[in-house]
Amino acid sequence: MTFRVLLTALLLSLTVSVVNAQDSSSDMMSDMMMETPAGLVSVASSFNMDETQARLELAISEAGLNLVFMLDHAANAARVDLELRPTRLFLFGNPNVGTPLMQGAQSIAIDLPQKMLIWEAEDGQVYVGYNDPMYLAARHGLTGQDMRLG
């Protein structure tokens with residue numbers, strides 16, 4: 001499974017609820033995606049923050065990936081008496097995927113392991129985002145890994 005396919009599968013496990021039979025999957029994903037900075041893929045989750053987190057953790061585990069760390073930015077902000085809407089960062093990966101990428105362009109290690117961010121917007125909508133693997137490859141001048149990236 002390529003990196004991009006894997007990330008898409010993780011996102012779909014968080015975002016797909018009931019899809020009208022007339023909708024194509026690409027139309028559905030386009031409707032769910034939000035405008036984001038270059039290289040960031042973001043989609044609206046069909047679930048609240050805690051359910052989105054639980055589904056992401058399960059999807060990471062079922063994909064055979066290692067959840068390296070989860071950082072709760074809102075909890076950290078609260079510790080210094082600041083407010084932040086729910087914002088959680090997940091670092092996960094697999095050395096069988098990441099190591100060859102770093103062998104090809106060692107600087108990509110700054111962006112690995114892969115990250116997924118779950119955040120709650122002001123209107124209460126929960127979003128999930130990640131760095132596009134092809135964007136990261138271009139950023140680091142990584143070549144010859146298109147099959148692995150996706």
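Visitor: How many helices and strands does the protein have?
Guide: This is a predicted model, and in it the protein has 7 helices and 5 strands.

Visitor: And what pattern do they follow along the sequence?
Guide: Reading along, you get α-α-β-α-β-α-β-α-β-β-α-α.

Visitor: OK, what share of the residues is buried?
Guide: Of the 150 residues in the protein, 39% are buried.

Visitor: Let's zoom in on a helix. Which residues of α5 are buried?
Guide: Helix α5 covers residues 95-104, and its buried residues are Gly98, Pro100 and Leu101.

Visitor: Where do those sit around the helix?
Guide: Look down the axis of α5: the buried residues fall within an arc of 165 degrees, so they line one face of the helix.

Visitor: Why would residues a few places apart point the same way?
Guide: An α-helix has 3.6 residues a turn, so residues three or four places apart point the same way.

Visitor: What do the buried ones in α5 pack against?
Guide: They pack against α7, which is residues 146-149.

Visitor: And which exposed residues are on the face turned away?
Guide: Pro95, Asn96 and Gln103 are the exposed residues there, on the face of α5 turned away from its buried side.

Visitor: What does the Asn94 side chain reach at the start of α5?
Guide: One of its oxygens comes within 2.7 Å of the backbone nitrogen of Asn96.

Technical notes
Residues numbered from 1 in each chain as written. Predicted model: local features only at pLDDT ≥ 70, side-chain atom pairs only at ≥ 80, totals over all residues. Heavy atoms only, no water. Helix = DSSP H or I, 4+ residues; strand = E, 2+ residues; numbered from the N terminus. Buried < 20%, exposed > 50% of the residue type's maximum accessible area, 1.4 Å probe, protein only. Arc of directions from axis to C-beta. Contact = heavy atoms within 4.5 Å. Polar contact = N/O pair within 3.5 Å; in protein donor to acceptor, adjacent residues only side chain to side chain.
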